[in-house]
Amino acid sequence: MESSPGPHRFTRREARYGKRGTIRPSQNISTKETNDETIPVLQSVQLNLLYGEALYTIIHRIGISESDHISNSDQLYEYLQMAFNMDPAEHKAIFKSVKSLEPPIFCVKVTVKQAKGILGKDVSGFSDPYCMLGIESQTDAHPRDSSPNRDKKQKQKAVVRNTLPEDQTHKTQVKVQTLNPVWNETFIMEVDDLKHSRFQMDMWDSDDVESVRTKLGELTDLHGLKRIFKDARKDKGQDDFLGNVVLRLQDLKCREDRWYQLEPRTETYPDRGQCHLQFLLTHKKRATTLSRNPSYIIHRQLLQQFVRHEITCHQASGTTWGGEISPHGTTILYLHASQKDLSEFHQGLAQWLAYSKLYQSLEFSSSCLLHHITSIEYLWVQGRLQDEQKNELSESFDALLQYGVSLLQRYRIVFPLTESRSTERLQGLLRVLIQMCKTKAFRELCSSTPTLQDRVIEAIKTGTREWFDLKRQHLQPMIQGYEENLKSLISLVADITIDLKSCHKTLNNYFINTIKVDIFSLTFLELEELVSEQLVCQLPPPNHSSRHQLSEHLYQLYLTLRDLNKLQDHLPTRDGSLALFDFHRRFADCLPSWLQKAYSTALERVQRAVGIDLLVPLSELQKHSASTVDLSTCYTQIGRTWQQLAWPDPEEAFMIMVKFTEDMCRIAVMYCTMIKHRAEELSDTRDAGQAANKLCLVVNNIEQLRLVVRSLPEKLSWASLEEQTCKIISTEQFQHTLYDQLKSAVGCLDREIRGVVQALAQKLDSGIAKHLNSIANANDSRDPNDSVVPMMKFLESELQYMNQNLVQENFNCLLSLLWSHILTVISNLSSHITASARYYQRLHAALKNLESCFHAEGCGLSLESLHTATFITLEQDLDLGSSSTRKLIERYYQQKIQQQQGSTAEKYGAVTLKVSYRQSEQKLRVEILNAVNLLPLDSNGSSDPFVQLTLEPKHIFPAVEPRSTEVKKTELNPLYDETFDFLVTPEQCEVLGACLLLTVFDYDSILSNDLEGEAFLSLTDVPGLKEETNDAVVNIPQIRVALTHPKINGDRILQLLDCRRTEKEAAMFVKLRKQRVRQSKESER
């Protein structure tokens, strides 16, 4: 909205006629009004006459003042002086002149409305009431005693027909047979001496001469019979007294309207009912000049003068007049209306004419008009107006309607939204116009065409075009040229957009809710068409040489037009295309330069940011440096450019997004190169710690950039774009063009991060390897955990530094690389076979300490990440190397048992047996049933097999001697059925690795026996071992175990034991296993 250009506040007259002026309240009676009222005097004379009329009203006031009126006449004179702007001398002269005029004739206007509850005087129980009334004048100042008893007597004797001459009495009609008569008859009676006069009214029952026969026919009860006897004693035709009302005129107000108690003449019937009377004290034959003019016109002029005064007083105090006239002015107007006997309707008419006229020149609330037009509607009866009054009322309607519409035409100036009360004033005006046009008076006196809506719509359109022309002229450049014209057009469109937004946000609801006019749609369509015309005139042609130099101005113009065009979403309906429907086509040739400008601006900002970046963390929580902030800002700006463009064509919008994505990915890759070079510039080759610090910041910066790049689909609303382009761009093409491009850029950033993190890891790899080698070569006498301490201190220092300078994700990446390196180094050290268990214990202690360090109680790498296949294998190897000889032997047999359980092939045959344990005897019973499919080892193609039974390991069963079956000659499937008992405890059998070793040999009497095969049976699950009963185990299942041949090569346990030749037990065990290998002819086969 456009506000007033200076401190001056536009008046209603200025808003209507477009010019400034000052209106003096005392000189605002138009020539037209003077001519219409046939007052052939100049304005100053007219004002004096009006002043005299007001003085005359106060001087000759009658009646008691109302409670809210001013009773002091001097105060009323003082108010008149201020209202008419009269100096004391002038007032004195006019007052003297008016005082000398003939006083008016005072009159009492009495309306006898009705009565209720009167006495029934006829034999029927009813009466035929009528009233006689008049004014009793008393020349004596104290004609009667004022004592209560005296007043009572006076009331009893106060009968109009006895006290007043017949020519001074008035009589109502007779109402037949009723106790609640209704008359509504009005009488005007002149009063000579108001102070010493009384109003008297008697109510009588009319009594016509009737025969006794008739009266007896009307008789209804005993009371009626009494009335007949009473009537017989009266004179014929004498009326019955029903009650009277006697009032002193000096005790009446100007207007009285109330019920009065009917007073009796005797105490026989004290309750005689009530009578409703209305009094009005008026003037007749006023001596003022203006008394010859219509009363409501003079009343209106007086009201206008008071309203001007009230508004002037409020303006002087800086407040807004709410429409209430002060008690002084209200009192004078009340007296004038009463004295001139103005009806309520004519008072309302005068008030409407006065207020509606003043509203067009003075500033006050429109609620006053609303009140008066409602009053006219309530009291409207067309027949009570003369033709002149009808014409005047019709002209007031037309004038106010024309004036109100003219205000709406210039609503931007008259009701600026910068003022707090503008919307309230606008709503008030709309309500007044609507209410006025709905009234019966308006519909009967004024033309119904064009309708109010049509008038407002046309005014809004005209006013909008006028406002646009004024704006355009105001912004017209002094020097004509494309650049100046574009700047002017940008400002014009921006102002129009602001105006329309304000209109939609604030004004539109007011107009729709009151007058049913969509002002936003009207102004939008008008202004859009006007702007479209300006584009044609002001824009340089598409191939004009200046368009490249004006690219920035054209971009700003496009954005302002885009904002304006977005407002069409608020239009309720769209019939046909809008004038700015394809406005973007006028700027299509500028797109490449705009996109290139956005890219070059962003790249230059990134280059400047990197050039001044000192690679220092922004804060303890923000571990990246300042250049990432600028980089994020650049990306945000590109995203904002995309949102601002909001290019309507879907296919072209997709290509714009492809270009933006390509540019942002290119900037990201270039930033990686620039920031690494910047780190090299700032790093001191002699200070490794400083170089590592810079590399940490480089990693964090690239990580931050990676997060920004990955968020591009969400920030740039790719999902929405894909939905818009789904009909012309396939999903595969969308994914391949945008998402694959983004994925490639993220992959490039990941490689950059990993490369820098690997560089950081390499700086630690050598130190870690050095410490691990020191641990491996430490003295066996030293505690393994003590040998790990130097390495842990080294890692604590280095990793703490890295943790402080790397974001968590990159720090975890560094830990993963270091962990892989550590596993490789320890695996290489563990692969060396040595006889010292301490060697492996130190390496194992180092591995467990490093695992705890890298896990950091859940703050580092997860256990799943640490426990890789390499880690599990390494831990098993180190656990083996750290074990004692006996433990290794047990582990060997555990391994053999696992291999036996996993073997199903019977390449070397199989042995069938039963095994059980007898708790009561603590005996292990083994039944060798048979052997099958043995290999022929003799030259005759057969074998002489027997089975040797031993309990292993020897250190668990030291007292158990080997046992053997009989030799079965030339038999490959021998049947034995032999039972063996071994005296062993359950605890011996439950040791892991405890087993029954079955060795099948081919008996050779001359040479050593040949090995048919061997089998290992675990004792931990033997039937009867876990049962607590002492009974023998029944239903022992048969077990068939496949025979295998030993292989010593590649067995790590045997390699470890072989290195411990200095230990007799280890040497004997290895020797036995090697002997078994030699007994096997598998190698010969």
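Trainee: Which element gives the most residues to the lining of the second largest cavity, and how many?
Mentor: This is a predicted model, in which local features need pLDDT of at least 70 and side-chain atom pairs count only at pLDDT 80 or more, while totals for chains, interfaces and linings use all residues. Residues are numbered from 1 along each chain as its sequence is written, and side-chain values use heavy atoms, with hydrogens and water left out. The lining of this cavity (a set of points on a 1 Å grid over the protein atoms alone where a 1.4 Å probe fits but cannot get out, lining residues having an atom within 4 Å of a point) consists of Thr628, Leu631, Ser632, Tyr635, Gln704, Leu705 and Val708. Helices H23 (626-645) and H25 (688-710), DSSP runs of H or I with at least four residues, each give two or more of them, and the most come from H23, with four residues.

Trainee: How many charged residues are in the lining of the second largest cavity?
Mentor: Asp, Glu, Lys and Arg count as charged, Ala, Val, Leu, Ile, Met, Phe, Trp, Tyr, Cys and Pro as nonpolar, and the others, Gly among them, as polar. This lining has four nonpolar and three polar residues, and the number of charged ones is none.

Trainee: Which helix gives the most to the lining of the largest cavity?
Mentor: The residues around this cavity include Arg472, Asn485, Leu492 and Gln538. At least two lining residues come from each of helix H19 (482-515) and helix H20 (519-538), and the most, four residues, come from H19.

Conventions:
On a 1 Å grid over the protein atoms alone, a cavity is a set of points where a 1.4 Å probe fits but cannot get out, and a pocket is an open set with protein on both sides within 12 Å along at least five of seven lines; lining residues have an atom within 4 Å of a point.
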